[in-house]
Protein chains: 2
Amino acid sequence: MKIQDSFWNRYIQLVRKVIIPYQWEILNDRVEEAEPSHCIKNFKIAAGIMQGEFQGAVFQDTDVAKWLEAVAYTLSAHPDNELEALADQVIALIGKAQGEDGYLNTYFTIKEPTLRWTNLKEGHELYTAGHMIEAAVAYYQATKKREFLDIVRRFADLICEVFGDGEQQCQGYSGHQEIELALVKLYQVTNEKKYLETAKFFIDKRGVGENYFLQEAKDSRYKAIFPEFAGYDTKYSQSHLPVREQVTAEGHAVRAVYMYCAMADLADYYQDEKLWEACETLWNNMVNRRMYITGSIGSSGLLERFTVDYDLPNDCNYSETCASIGLALFGKRMALISKDAKYMDIVERALYNTVLAGIALDGKSFFYVNPLEVWPSNCMERTSKEHVKAVRQKWFGVACCPPNVARTLASLGEYIYFADDKRAYINLYISNQAEIDVGDKHIEIDMQSDLLNTGNISCNIGEIERGTEIEVALRIPEYAKDFVVKIQGSIVSYQVEKGYAIVKGISANTQIEIECVAPPIFVRANPQVREDIGKVALVKGPLVYCLEEIDNGENLAAVFVDTSQDIHFQYQPDLLGGIGTLLLKGQRLDKTWKQDGLYQETKMAKAMFEQVELKAVPYSSWGNRESGEMQVWLKELFAKPNNI
Amino acid sequence: MKIQDSFWNRYIQLVRKVIIPYQWEILNDRVEEAEPSHCIKNFKIAAGIMQGEFQGAVFQDTDVAKWLEAVAYTLSAHPDNELEALADQVIALIGKAQGEDGYLNTYFTIKEPTLRWTNLKEGHELYTAGHMIEAAVAYYQATKKREFLDIVRRFADLICEVFGDGEQQCQGYSGHQEIELALVKLYQVTNEKKYLETAKFFIDKRGVGENYFLQEAKDSRYKAIFPEFAGYDTKYSQSHLPVREQVTAEGHAVRAVYMYCAMADLADYYQDEKLWEACETLWNNMVNRRMYITGSIGSSGLLERFTVDYDLPNDCNYSETCASIGLALFGKRMALISKDAKYMDIVERALYNTVLAGIALDGKSFFYVNPLEVWPSNCMERTSKEHVKAVRQKWFGVACCPPNVARTLASLGEYIYFADDKRAYINLYISNQAEIDVGDKHIEIDMQSDLLNTGNISCNIGEIERGTEIEVALRIPEYAKDFVVKIQGSIVSYQVEKGYAIVKGISANTQIEIECVAPPIFVRANPQVREDIGKVALVKGPLVYCLEEIDNGENLAAVFVDTSQDIHFQYQPDLLGGIGTLLLKGQRLDKTWKQDGLYQETKMAKAMFEQVELKAVPYSSWGNRESGEMQVWLKELFAKPNNI
């Protein structure tokens, strides 16, 4: 799979050219302006080839894992001997840091060797193990080299021994979910059933009976790690109820969606209807009640968590980049299992908006927090908005988002296609060349997509055996006003199955053309979302747009728009790496207030509108010029209803 | 002074009948549902008449001080031998807890006897001393008994010895201002100049040179008290700059306004122009850029602090009740010194809205935090809105607000009148009978005010010596559309001086009548206040109004109002102890959305308004029925401007 997309390539190439090399420097503490990561040193110390103390967070090892995972995906598309050799060295180091019994975690190995598995709530051992496993699986798939896979298998074997329903086994589960989906992946490449079963054990056990984390905290060996975890709320880690009984998305958003991924996988493998229903229920709650239009989740800055239905504040939300990545991972699984395109609508929304907003166009700075409205002046340290940043940050103490964005971009191909025995599913319209297996048939696809501009897409299907045919399922995006399919230049009718246009009888060397009509539109939020009542967002296709101060002046809150107007789309090749902008008229309400004071009778301070020209840019591109205000939801100017 | 006001009496009588007795039970740990205060026990332990450990916050003693202060003001208006005897017992106990050298603070005496004055940043010793002094001064004024005053004088003498510019003296100042204004009060009743000078020392020293708090933290005797103070921001305690150079209201709001009070006092006593200018500058910054329409301050929930100009979020602000009390105290001083009525406009706003909102109509529960918009569902523990409460709380761990409200209500008379040699200033129109001295003339005033309803006020002036005359200065409130003055039944013209209507030649037995015309109005905020753009508030006279869910249904954010309509005022004797309500028409935008999802194109989800009848109640009365939504700022429904 090679992605050759004018929109995506600017980001994807950053992974290879900027992020992976930069992150390697970070891992080795060679970036002066960044906080020292100490990651590689921790492994050297654990391996006994360097003296020193552990430094960093308990989950510091995951930065190395995520780097290796991004490297793996990159190597799949762009073989690079030098990079592969470097990765091999790191893998060898990881091997040396592994214990005789397979245990692998530099924090506990160096700092708390006697406290293994005594603080599952905060220790992140199983979380860290999960990221190692994911990286090893990806590296094995990319290079066919087994060393890293063997390392994590030894660790996974230990985990399967330590955890389980047996009398001598620990009945606990991870304080931060991740191991569950990782063990499923490990099963997928090794076919070793016990990995799947242990994943199922973790999911089945969670939230059942007396809460494990509250129990373990009473043990004499328990040693607290994070002071802010005192007075623990079990919802935080989705351990408040058995997973099959959970009906609302609760707690820390990243933990939640990582768990839902494994639930979906296991529901499929075990044909567990109750688990599948829980996945659907949680999905629906999340996307219909608790998700921003940008595909982000987690309304509370404090604890990065879900709050309640329809509580979606725009200027103080957390909306972590990693949570949107997790949402995309969950949606991808739901789509793959159900073959329902509605899931990919959300995946696309998350990827095109929040995930991309997480990274600067130069690949060197990152957002953790993704507000939909920013006024830089009030994003102050030591206030309620201290988590909101008006400019992307170089790197973070807890560096989860940058490498997570990197591995997501590097693995984007996985979202574009699925296949079953007879059908190729095309989910995302991103230009690429790929080879996929549809049952026993091998096909090549060459997709050219102009989705974001004209909406014209072509897919050339090649290399099916002579005389055989396949079906192609083309996702009809929710935003498509029309979705015309042509085969070999002629418009064809098609059946729609769960949001996919099904074209049958596709043989080799067929050209499929699509016209996906998606003009810019105004979008309203459900009026239960109190923050957005009387407001509209600008959307074109998968992209949510925003106003920035640099284009529209300060005080964006004073801008109103009349939604009966047409929005003009204009591609600007020189702006922000080449983007489509939206041009429209607005009315400003802030130009007639004369005095310095704060409050005045309406009769004294009449509301006078001034017409202005507005330019909106994709939300994913915001914050790449000078620091300034940004706003997604714009006030709507209504006509007074007739009855008053 | 006896207040006999149909609006205020419901609150004032609570102090005597409910709060003082209830708080006494609290101080003695006899209220089951409240956290134990341990206050009286701490004094007994410090006095050596009980065994045990100190319990509570470092400033726990101030609860006793504020209780005594409220008792003192209450005794002035309502002599009560039993209550006075109880207070005398407490004072005797305080005396026993005092050290030989005058030191008085149960935390340090019991728990950290060797660490006196080593942590001014967090220790609250001078803050606690200040509250003791304020209480003693009030008790002396109410009862003429000297015992308590003598106790605090001994402590004040020690403070004057310990702190100062001398080589052997400590050059520090309090981490929480309060001692400064208290020492001024002590000077006022004792005429002992050193108290004034030490107050001046504290004000002059603050923020000069290397920050004292950062210095003291390097001392080997320094012992941290509050973990959240790590990484201290000197703005938090207004010690970032010398006070005369401060031009914006910064940091913890209560600390700020308590300091400004002393600055105003000292500017007056020392005729310090620079200090006076600083007071004016800070006042203007605060009331013109950083104050809510309800007279509250402190936009950030975290650290209860000011943020930046025009940052006034309505649903996550702190707006502490105590900060509005401090604002009123500061404004009262500014008004008294400058004889400018504009200060009293703000004082009145704070008292009638935020201070009263702080207390339930039954006197048994209290708000610390005073949002202007509440949606109870999202005021969740362990989220960014955890400080916002939809219902008043029984009592608090840090119990500053309830006793502070009590002493404010009990001392309300101090706000109503000022006098100088020839003039009586009438600031607030609250029905009362009072005796005041205007120069050497003793007068009686009997005021009957219907300010909140008809706006009709009468003042009968009595008891001036035959043949002599005084001037009366009647504050013309900023909201008065007309302000008609009648003397003995005939309309008179008057000069206006700094917002006061001056009526001259008033002799004994004169009836002054006022028609203060203040119909209900819509008020707009300065459009720099991003949160309030396109919104209006309902105001009548000094009262800001709000909508409550119980009267107007849920989802108040969906309500729009056309400001060209008339607002109908209706007094409802049976509602909330008797209040004026405002009735108007609204348009709801939330009745036509059909589906469960979150986002839809405007063309598919048309905005349909439904006309509704709205009823607004005074903000001060909100939250006294069932828990529900509340909102001050309502969306305005504009006519589309002609140019589109």
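What follows is a dialogue on how features of this predicted model get their labels.

Mentor: Ground rules come before the labels. The model is predicted, so local features need pLDDT of at least 70 and side-chain atom pairs pLDDT 80 or more, while totals for chains, interfaces and linings use all residues; side-chain values use heavy atoms, without hydrogens and water. Residues are numbered from 1 along each chain as its sequence is written, with chains lettered from A and ligands numbered from 1 in the order in which they are written.

Trainee: Why is Cys379(A) called buried?

Mentor: Buried means under 20% relative accessible area, exposed over 50%, and partly exposed in between, with a 1.4 Å probe and protein chains only. Cys379(A) has 17% relative accessibility, so it counts as buried. Cys261(A) has 0% and is buried too.

Trainee: What makes Arg524(A) and Glu636(A) a salt bridge?

Mentor: The label needs a side-chain nitrogen of Lys or Arg within 4 Å of a carboxyl oxygen of Asp or Glu. Here the closest N and O atoms are 2.4 Å apart. The pair qualifies as a salt bridge. Arg524(A) is in strand β14 and Glu636(A) in strand β23 of chain A, 112 residues apart. Both residues are buried.

Trainee: What does the salt bridge of Glu69(B) and Arg407(B) tie together?

Mentor: The closest N and O atoms of Glu69(B) and Arg407(B) are 2.8 Å apart. Glu69(B) lies in helix α3 and Arg407(B) in helix α16 of chain B, so the bridge ties together parts 338 residues apart in sequence. Helices here are DSSP runs of H or I, at least four residues, and strands are runs of E, at least two, numbered from the N terminus. Glu69(B) is buried at 1% relative accessibility, and Arg407(B) at 4%.

Trainee: Which residues form a network of salt bridges?

Mentor: Glu250(A), Arg289(A), Arg290(A), Asp309(A) and Asp596(B) are linked that way.

Trainee: How do you know that β18(B) and β19(B) pair?

Mentor: Two strands pair if DSSP finds at least two bridges between them. β18(B) and β19(B) have five, in the antiparallel sense. One residue pair is Gln572(B) opposite Ile579(B). β19(B) also pairs with β21(B) over seven antiparallel bridges, with Gln587(B) opposite Gln611(B). β17(B) and β19(B) share two antiparallel bridges.

Trainee: What makes β19(B) mostly covered?

Mentor: Eight of its 10 residues are buried.

Trainee: Why are β3 and β11 of chain B called edge strands?

Mentor: Five strands of chain B form an open, mixed sheet in the order β3-β4-β8-β12-β11. β3 and β11 each pair on one side only. Inside the sheet, five bridges join β8(B) to β12(B), which run antiparallel. One partner pair there is Leu474(B) and Ala501(B).
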